[in-house]
Structures are given as C-alpha cells and as structure tokens.
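Trainee: Could you take me through one part of this model slowly? I would like to look closely at a few charged side chains and what they join.

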Amino acid sequence: MIEENLFSVRMRASKNGAHENGGKHISGGEQISTYSHLKHTVNVLLDKALTHSKGNPDFMQIQLELIDELITKCEPLHIETIEVESVEEGQLIARNLLEKSGVPRACIEKAYQQMKECSGLRGAILFDIHTGERIDDRSDKGVRVSRMDWFTTNYEKWANYYKMPVSQRVKEALVLATKVNRHPATVAELCWSDDPEYITGYVASKKAGYQRITRLKTYGDEQGCRIFFVNGLSDLDSYIHYLEKEPLIIQWEEGNDERVN
C-alpha cells in the first residue's frame, strides 16, 4: 500500500456542449499525482484534449480530489500483440479469445448485436455472461473506470525490459484493463478506441492477459467499443463502486509474473 497523499486528476472534453447536454465526446483521461506535480499532470491532460483527432472541444472539465483511502498496488496484466491482416480476422480472433476466457458464445453474439446502440458512451457497458443482457442500466454514459495510474518511471522500466515502445495510449489501456480484470466478477473485456486514427484494440482477461489485436476497426471509423463481460451473480453495486472509486496503481517488479493478482 502507498502512504503518500495523492490526488486523482480527471479530464473530460466534448464538442457542442457538455456530455450530459448531448455534446459529442472528444477525449477523456486521468492520472494520479502528487501535489507538487499537479501542474504538470493538468497540462498533460489538457494537451491530450486539445490535440485529439476527433476535433477541437468547446467544453472541458478538469477536476482533482485528494485520495484519502489506501491505494492498492498490483502487477500489470501480461501483454501480447497479435498482428492481423484485416478487421474481419481481428474480430474473429477477438471473439475466440472472449470465448476461451469464459464468455459463452451466445453472450458474445448478443453483445455484438447491441454494440452500435451503445457507441459514443464515455464509459463501458456491462454484459451478464449468464443472460447476455446489459446490466449497468446507464444508457446515457456507461460505467467509467477511475482512480488508477502507472507512474512513468516504473512504466518505462517495464517497457524497456520487454523492449516495447513507450506509449501513453498503451499504458493507459493496460492500466484500465488490469484494474478491471483484477476484480473476480470480471470475466473478460473487449475494447477498441473511438479515435478514427487508431484501429488497434484488445481483449483482456485473467486467462488471456492483455491481447492487443492490430485491427479491430477500419481507419476513419469513430465508433468505439468498451464492454465488460461480468458474472451477473456478483454484487453489481459493489462491482461498480470498485471500478469507479477504489484507487489502484500498477507497480511492476522484474522477475514477477505479470498477470493480475
């Protein structure tokens, strides 16, 4: 556990007004920061919002709050990259990975059928693996995973060890996937970005780790996807509280098994 006082800093940006007033989501992000680094952290998030390929926002909100709970540390999920030649090949692999992770095929098909209806949300949608139905009941925004980070020095140490390029996008996605799949109710996650210039997505689970798939949509497509496949027999309120409120920091140590613990 981490004893130093830290702050959760969150940003959301949209065009044509705020999200809750029908504005188009442009960008979102968050970091955990010490007080002395708050200015730098805010500037990083500000730059992310103002340089997004989806356009220039006319609404932005940046907020910070002291984290007064104990912060959990855990290892990142094991990561692999799967190179594919087409979106069709990538989506087939994604479906197979979900099924191997424990999501029934019928549930996967139902999720894909409802995917377009849920595009444009700021957060994730939750599907019960037993019924194949959406259970988060937040049709206006989805569930936003929050209060998580991976300090740059430790992340770069990890990236250098595995000879991977340092990427803020990959870091943020791996942090989120690790937090989500650390919870016992999560069976698997399916995600690709709403960024029209970024076509790589992933499937993540305790069994598969973090599997990057190089093509899950076509270039220029602004339709994103973030689905958590959940054991609906669990306490849903407790699960959502964990995703939104419980703070977590990734801490990698050389020689450890980089799978969720």
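Is Lys-171 buried or exposed?

Mentor: Lys-171 is buried, with a relative accessible area of 4%; buried means under 20%, exposed over 50% and partly exposed in between, using a 1.4 Å probe and protein chains only. A word on the basis: this is a predicted model, where local features need pLDDT of at least 70, side-chain atom pairs count only at pLDDT 80 or more, and totals for chains, interfaces and linings use all residues. Residues are numbered from 1 along each chain as its sequence is written, and side-chain values use heavy atoms, leaving out hydrogens and water.

Now follow the side chain of Lys-171 to its partner. It meets Asp-149 in a salt bridge of 3.9 Å, N to O; the term stands for a side-chain nitrogen of Lys or Arg within 4 Å of a carboxyl oxygen of Asp or Glu. Asp-149 lies in strand β7 and Lys-171 in helix α5, so the pair ties together parts that are 22 residues apart in sequence. Helices (H or I, at least four residues) and strands (E, at least two) are DSSP runs, numbered from the N terminus. Asp-149 is buried too, at 6%.
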